[in-house]
Amino acid sequence: MNASIDVVVNGEPRAVTPGQTLLELLGTLGLDPRTVVVEHNRRIVRRPALGDVTVAAGDAIELVHFVGGG
Amino acid sequence: MTTAVETLRGAGRDTPLTIGGRAFQSRLMVGTGKYGDNETMVRAIETSGADIVTVAVRRVDLDRTKEASVLHHLDPKRFFLLANTAGCYSADEAVRYARLGREAGFNDFVKLEVIGDKETLLPDVVGLLEAAKTLVRDGFTVLAYTNEDLITALRLEDAGCAAVMPLASPIGSGLGLLNPFSVRTIKRRLGVPVVVDAGVGTASDACITMEQGVDGILMNTAIAAAQDPVAMAQAMRLAVEAGRLAFLAGRMPRREIAVPSSPVKGMLD
């Protein structure tokens, strides 16, 4: 049962370990949780809760931050 | 250096720009997009004297995660970061971006844009009003980018927007203030601050816009796309102050005939 599951991160399919939390996912992507905002299936997950939410097959995850804009 | 507007403020003739209960010293707000490099961006923004600086919410590039967000270059303690919903074409999308921006940011202000057309980037006022109502209900301080249309501006104020931001001309066009009459009318009729957003191309545009009596200007491309953005930022700072000062000073009436400046009496025979 260690087969990976497929989720969609920022619009791209990505294989992750079953049971992985959002915090762990950020870690595997090399992202500092203080610098990104995480949206999980259209719901914003605040920083303190990132370690509590596990990802499931088919989940849509958006990782955003501020960029230059007018 | 004491600026002209600071002098006036000392004399009790001008007050700071206040939006959503927060006072800002500068009437010039600037964007952070389109700069060739971050160092130029930071120097231009510092030179502009702006307190309010806009930013956009976008996906992190997962192939280049070491690329720092714009926050890496701008101290949020020094600048008031105003998240926008640029690029959103529906009320739902704009609300989604606004919530992400609030989470990424440091305040509940949002510069709300709901765009209706890709070619002109003109606002979709129906979607804009819908999104404004939702966000106000959600506790946001909404600054709404809109057409220079009085009725929409009044409805945005009724919806609880903290500021209304009519355009001077389309985003990134640099065409300057195309409809001074409409912008003046909006300013005269609204109680909330009116900040002209988009379309300013050069310093004279900024000055003329401020001479209409509006509370401020937000610009991005005019500075970022200038050949020397830092010099243009300085020009814009001075132009916004000059325009504000001229408005407060009260211009002479326009006349269709000449009136001599020198005495007509005392001429030689």
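In this predicted model, Pro229(B) is buried, because 23 other C-beta atoms lie within 10 Å of its own, and a residue counts as buried when 20 or more do so. The place of Pro229(B) is in helix 9 of chain B, which covers residues 229–249. If neighbours within four places in sequence are left aside, the residues in contact with Pro229(B) are Tyr35(B), Thr40(B), Ala44(B), Ile223(B) and Ala224(B). Arg64(B), by comparison, is 165 residues away from Pro229(B) in sequence and 27 Å away in space, taken from C-alpha to C-alpha.

In soluble globular proteins, nonpolar side chains tend to be buried together. Here the largest nonpolar core has 97 residues, and those with the most contacts inside it are Val53(B), Leu112(B), Ala132(B), Leu143(B), Ala144(B) and Met236(B). Helix 3 of chain B, residues 91–104, gives the largest share of this core, namely seven residues. What is Ala132(B) in contact with, once its neighbours within four places in sequence are left aside? The residues in question are Leu112(B), Val142(B), Ala144(B), Leu156(B), Ala159(B) and Cys161(B).

**Two helices that cross**

Two packed helices are described by the angle between their axes and the distance between the axes. For helix 3 of chain B and helix 4 of chain B, which runs over residues 125–137, the axes come within 8 Å and cross at roughly 40°.

**Where the chains touch**

Between the two chains, 19 residues of chain A are in contact with 25 residues of chain B. On the side of chain A that touches chain B, strand 3 (37–40) and strand 5 (60–68) of chain A each supply at least two residues. The largest share of that side, seven residues, comes from strand 5 of chain A.

| Contact | Nonpolar | Polar | Charged |
|---|---|---|---|
| Helix 3 of chain B with helix 4 of chain B | six residues | two residues | one residue |
| Side of chain A that touches chain B | 10 residues | seven residues | two residues |

Notes. Residues numbered from 1 in each chain as written. Chains lettered and ligands numbered in written order. Predicted model: local features only at pLDDT ≥ 70, side-chain atom pairs only at ≥ 80, totals over all residues. Core = buried A, V, L, I, M, F, W, Y, C linked by C-beta atoms within 7 Å. Buried ≥ 20, exposed ≤ 12 C-beta atoms within 10 Å, placed from the backbone. Helix = DSSP H or I, 4+ residues; strand = E, 2+ residues; numbered from the N terminus. Contact = placed C-beta atoms within 7 Å. Axes fitted to C-alpha atoms, helices over the stretch in contact; angles between N-to-C directions. Nonpolar A, V, L, I, M, F, W, Y, C, P; charged D, E, K, R; others polar.
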